[in-house]
Every structure is written in structure tokens, then in C-alpha cells.
Number of protein chains: 2
Amino acid sequence: MIDFYFDFSSPFGYLASQKIEALASKHGRTVKWCPMLLGAAFKATGGVPLTQIPLKGEYAKRDFFRSARFHGLEYRHPEPFPVNTVAACRAFYSQAERKDAVRLAKALFKAYFGDNLNIGEPDNVMQVAATIGLAPNISDQAVKDKTKAEVDAALAKGVFGSPYVIVDGEPFWGLDRFDQIDRWLKAPF
Amino acid sequence: MIDFYFDFSSPFGYLASQKIEALASKHGRTVKWCPMLLGAAFKATGGVPLTQIPLKGEYAKRDFFRSARFHGLEYRHPEPFPVNTVAACRAFYSQAERKDAVRLAKALFKAYFGDNLNIGEPDNVMQVAATIGLAPNISDQAVKDKTKAEVDAALAKGVFGSPYVIVDGEPFWGLDRFDQIDRWLKAPF
């Protein structure tokens, strides 16, 4: 098992979500999908969304597209960007079965980055869930509590960015560390 | 020619400095070394030194060492860190011959990251220069002006980090984009 942390509104989280299963299975591992909220991490780190930073923001937009091409993936920059992904997170953590949660995660990523659907809107999250036969109860207090607990647990483990992968206790931040993860899964170096 | 921007106090700048010449020459290119001041860039981006950021700072220190091992390089974290590199920059830009400037850049990186010499101190910069037969006049006003003009020119090109490489107008930030530079030098994608 390897732990895959991401925010549903993160471009590199989205790109990584299309690479992580193959990377893990190449080494006989499975993936634990762990959505978190970058907004909560930013409170801890003083961070702001990449695209809003002078100079860095312009570079970042170019880098999303080029990095996607480099990895043989498609990228489309959604608007509005970024969005609050708490409803998406709650929908994920409301699922009793992890395989349903993962199906939903993939559908939410595709809706936002592929179809430009604003998954910051709870109604749109419900609509995406319905297309794959799910009806999450995102206003349930137990679901809200579980989501908060999962996000807090991620922060407690030091997860400050997206994607963020933990392999046997070793942390890797960014799609650009997937080459290091690949080598680490062969043998820690 | 490819343009290689870096700060003398940047860990990934240091690691990149040991990879950039081979990467360029593999594709029949030469390297233009362009030291800049991250402090000036941080004023534009609101950035702070990586190691001072909660959560990210702890990760970054681990990542310096692991990334060095991944690339087959040695790393030693200097103290104090980071240091003001304006004297180092001035020593570089004071050189009439680019080959002397590049020899000095390599010597300064080695002094700080290899021998833990505080190159934030102008006296130490002079000492390093002396070991390779150079005697830069870092208090000369023309040298100060040239240095400021070079740093401003870097910022005007959007250089906000270290290392930052520009290949035929295409910007790449970070040692972790060297794989993309390698492919770009074969053919833009």
C-alpha cells in the first residue's frame, strides 16, 4: 500500500491521479486514495494558490500544460480555479466502500479538469456522483466529522501539498518526484 | 546556448550546477551562467526561504539529501543557511572573462556546500577567489551597478527561483525539470 494525498482542485494532483495506480502496481503495491484540502494546508504553511503568485503563477500555468504533455497526458485548465473542494472531499469520505470512493474520485477529477464542471458547487458534486450510481449524503454530520478528521490526520503527517505520496513512511511531494518513488519502491536509496 | 539562473545559496541551484554542463553539451549547447539574488525574487513573489516554511521546511531538508542521492551527487547542508549572496554575485559579475566567472561560480558553490564556508561574508568570497587566482573588486561601483542590472534583467525575464533555465525562450524551474529540458533540447514538445 502507498498513500496518495491530493486536493481535487490541484492540477498536478489530477495529473498524478492518472499515473499513481500504474506506478504502484508495477511494484506490487496498491494505492490508498486520500483527498485533503489544500486550503487547510495553506493555513499551516502560509501558502497561496500557485497561479495567484506574481511571476510563479504565469510560469505555473505554462508548466501544467507542458508537464502534462511530457507525461503523455491531456490537460485543460478549468475556470473557476481553484475551487473549494470540501463538498468533493465529503462525498469521497461518505462512501462505505473504498472502491466506490475511488471511482468517485476519478469521476470528480474528470468532471473538473476534463469537462470544466465546477466541483466547488455541492450540487455538481452530487450530479457527478449520480452519473456513477452514487448518492452521497454530504450534509450528514458524521460525514463532515470524518472528513475533518481525515484532513487533520493528513496535516499531522506533514502533508502540505498535492500530490503528496507516502511510501513506507517516506514522503514525496509533487508529480516530479514520481521518478524518485519509482526507484524507492525498487529499493530505498 | 542555454541560460542557467541560480542563487549561490540555493541547494537545488548547487546540485543543478553539477548537471547543467553535461546536459547542455549532450545537445551541442553551451551554458550561460547567470547568478541572481533569490532575495530580490522573493520581494516580487512574496516568497520566503524554503526551509523556514512550516511543514514544507522539514520536507525540503529531507528532499535536498534524497534528491542529491537520486542524481548521484553529494549534499551537505551548510550553516548558516541561507546566506546573502550579493558579494558572491558581485565577484562573479566583476570578471572580465566569462570562463573566469564560471570557475569562480564553481569554487563559490563548492566552498559553501562542500566546505561549509560562509560565502555571505565578503572576506570569504575574496578568499575563495584568491584560491583560483582571482582578485575581484566587489566594492567597485561599476561592479555593483552591473550586478544590479543583471539581477533586474533576470527578474524582468520572470526568473523567480533557482535553478531556472531558459532554453530558446522556454522557461524551466527546478532541477526536477531537467528531464523536460533534456527532451526539449532534442525537440520542443
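## Helix α5 of chain A

In this predicted model, helix α5 of chain A, residues 86-93, is mostly covered, with 8 of its 8 residues buried. The buried residues are A:V86, A:A87, A:A88, A:C89, A:R90, A:A91, A:F92 and A:Y93. They pack against strand β2 (31-35) and against helices α6, α7 and α8 (141-156), which belong to chain A.

## Helices α6 and α7 of chain A

Two of the helices that α5(A) packs against, α6 and α7, also meet each other. The axes of α6(A), residues 98-114, and α7(A), residues 122-131, come within 9 Å and cross at roughly 125 degrees. Because of that angle, α6(A) is oblique to α7(A). The crossing of the two helices is right-handed.

On the α6(A) side, the contact is made by A:L104, A:A107, A:L108 and A:A111; on the α7(A) side, by A:V125, A:V128, A:A129 and A:T131. Sorted by class, this contact has 7 nonpolar residues, 1 polar residue and no charged residues.

An α-helix has 3.6 residues a turn, so residues three or four places apart point the same way.

## The sheet of chain A

Chain A has an open sheet of 4 strands in the order β2-β1-β3-β4, with mixed pairing. Its edge strands are β2 and β4 (170-173), each of which pairs on one side only. From one strand to the next, the twist averages 20 degrees.

Strand β1(A), residues 2-6, pairs with β2(A) in the parallel sense over 5 bridges. In this pairing, A:D3 stands opposite A:K32 of β2(A). Strand β2(A) is also one of the elements against which the buried residues of α5(A) pack. Elsewhere on the sheet, helix α9(A), residues 178-186, lies across β3 (164-167) and β4 of chain A. Its direction is at about 10 degrees to β3(A).

## Strand β1 of chain B

In chain B, 4 of the 5 residues of strand β1, residues 2-6, are buried, so the strand is largely enclosed by the rest of the structure.

Strand β1(B) pairs with β2(B), residues 31-35, in the parallel sense over 5 bridges. Here B:Y5 stands opposite B:C34. Strand β1(B) is also joined to β3(B), residues 164-167, by 3 bridges, and these two strands run antiparallel. The bridge partner of B:F4 in β3(B) is B:V165.

## An exposed lysine in chain B

B:K26 lies in helix α2 of chain B, residues 20-26. Is this lysine buried or exposed? B:K26 is exposed, because 11 other C-beta atoms lie within 10 Å and a residue counts as exposed at 12 or fewer. The C-alpha atom of B:K26 is separated by 35 Å from that of B:V48, which is 22 residues apart from B:K26 along the chain.

## The contact between the chains

The contact takes 20 residues from chain B and 20 residues from chain A. On the side of chain B that touches chain A, at least two residues each come from α3 (38-45), α4 (56-70), β4 (170-173) and α9 (178-186). Which element of chain B supplies the largest share of this side? Helix α4(B) does, with 6 residues. By class, the side of chain B that touches chain A has 10 nonpolar, 4 polar and 6 charged residues.

Terms used:
Residues are numbered from 1 along each chain as its sequence is written. Chains are lettered from A and ligands numbered from 1 in the order in which they are written. This is a predicted model: local features need pLDDT of at least 70, side-chain atom pairs count only at pLDDT 80 or more; totals for chains, interfaces and linings use all residues. Axes are lines fitted to C-alpha atoms, for helices over the stretch in contact, and angles run from 0 to 180 degrees between N-to-C directions. Angles under 35 degrees count as roughly parallel, over 145 as roughly antiparallel, 65 to 115 as roughly perpendicular and the rest as oblique. A crossing is left-handed if the near helix is turned anticlockwise from the far one by less than a right angle, and right-handed if clockwise. Two residues are in contact if their C-beta atoms, placed from the backbone, lie within 7 Å. Ala, Val, Leu, Ile, Met, Phe, Trp, Tyr, Cys and Pro count as nonpolar, Asp, Glu, Lys and Arg as charged, and the others, Gly among them, as polar. A residue is buried if 20 or more other C-beta atoms lie within 10 Å of its own, exposed if 12 or fewer, and partly exposed in between; C-beta atoms are placed from the backbone. Two strands pair if DSSP finds at least two bridges between them.
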